[in-house]
Amino acid sequence: MKRLLVFLLAAVMAVSTGCSKKLNKISDTSLMLDTIVTVYIYGYESEEKLHDYAGAAFSRAADLEKVMSARDEQSELSYVNAHAADQPVKISDELYALLEKALYYAELTDGAFDPTIGELIKAWGIGTDHERVPSEAELAALSGLRNYKNVILDPAEKTVYFSVPGFSVDLGAIAKGYIGDEMKKTLTDLGVTSALLNLGGNIVTIGENADKDSDWAIGIGDPDEPTSEIAVIHITDKTVVTSGGYQRYFEKDGQIYHHILDPFTGMPADCGLLSTSIITSVSADADALSTAAYVMGHDRALELIESLDGFDIIFIDSSKTISGTYPFSE
Ligand code: AMP
Ligand code: MG
């Protein structure tokens, strides 16, 4: 009888401590990476602790921005761009890892994604106060300067060398993905098991949505009205990254010029698509491939994604038809 009483008491205590565990939900936002970054964390720790975790993730992102930004003249990447054609430059592990990945995706996409189009990006100036349409001659000269094969990495020395002068590297199509992965790592190392990071539309998730005991429902933006969704996908612990001409552009003489450039023509990619979204595990991979897919167009991009393991793609074409490999009906 006494044993039964002890058992019952233990059971009651277990239930009551279980009930007193309250799921806390916090979100913090910061203007960084040229966009708005929001971190949502769900957990049983105090709200204060969860805000501290978010702070650690933002601080990691700010450190990486100082490494990878092509616009910040003080960044490590800017130092590389200024000196790597003279001699090999020793670089941080993070910049090395990202350059290595960028070159991998440049090769995989036959240069549709090409991080050496820095001078072309500067000439267009899209998203800056000096946006303009370069002349045809200028475009021909600038697109001739790009070629990812001219970036030479030395894995033993951890150096980067530009084998010809005259070009610069821009990691704008992949860095946000990489930084999302690193923010996720920071949070996971701190013990976070349920979180969503939104880096200007690049979505990274940790685990399930603990508030709903379910997956995360993520909206794919309507290109005509990006604040509303054209489709919803469901992910757990994965990332979804969208590239779209509607995300950054300017208008000149009635013509729209957007920010995803075809490295071969130097012009905004014109592939009959309004957006491409990649769903996978690593956000840097999703970021590089969503940009590349937008340049490659539906057929070539679909063939590439189908040849890879663990990737899904969603296309929205110019008539707003949704297609790709994502299993919407499941
Ligand atoms: P995303 O929004 O990830 O598709 O990246 C677009 C940004 O990447 C642009 O604002 C440029 O800075 C850069 N970019 C544009 N076109 C390309 C390209 N074909 N390859 C690599 N980077 C690009
Ligand atoms: Mg990208």
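**Salt bridges in a predicted model**

Analyst: Lysine 101 has a relative accessible area of 23%, which makes this residue partly exposed. Please keep in mind that the model is predicted.

User: Which residue forms a salt bridge with lysine 101?

Analyst: The partner is aspartate 285, and the closest N and O atoms of the pair are 2.5 Å apart. Aspartate 285 belongs to helix H8 (residues 283-296) and lysine 101 to helix H4 (residues 93-108), so the bridge ties together parts that are 184 residues apart in sequence.

User: Is aspartate 285 buried or exposed?

Analyst: Aspartate 285 counts as buried, because its relative accessibility is 10% and the limit for buried is under 20%.

User: How many salt bridges are found in the whole structure?

Analyst: The search finds 16.

User: Now to aspartate 34. What does arginine 71 form with it?

Analyst: Arginine 71 and aspartate 34 form a salt bridge, with 3.0 Å between the closest N and O atoms. Arginine 71 sits in the loop between helix H2 (47-68) and helix H3 (76-83), while aspartate 34 sits in the loop between strand E1 (24-32) and strand E2 (35-43); the two are 37 residues apart.

User: And what is the distance for arginine 248 and aspartate 34?

Analyst: Their closest N and O atoms are 3.8 Å apart, in another salt bridge. This pair links distant parts of the chain, 214 residues apart, with arginine 248 in the loop between strand E10 (239-244) and strand E11 (249-252).

User: How accessible is aspartate 34?

Analyst: Aspartate 34 is partly exposed, at 49% relative accessibility.

User: Which residues are linked in a network of salt bridges?

Analyst: Arg60, Glu94, Glu182 and Lys185 are linked in this way.

Conventions. Residues are numbered from 1 along each chain as its sequence is written. Chains are lettered from A and ligands numbered from 1 in the order in which they are written. This is a predicted model: local features need pLDDT of at least 70, side-chain atom pairs count only at pLDDT 80 or more; totals for chains, interfaces and linings use all residues. Side-chain values use heavy atoms; hydrogens and water are left out. A salt bridge is a side-chain nitrogen of Lys or Arg within 4 Å of a carboxyl oxygen of Asp or Glu. Helices (H or I, at least four residues) and strands (E, at least two) are DSSP runs, numbered from the N terminus. Buried means under 20% relative accessible area, exposed over 50%, partly exposed in between (1.4 Å probe, protein chains only).
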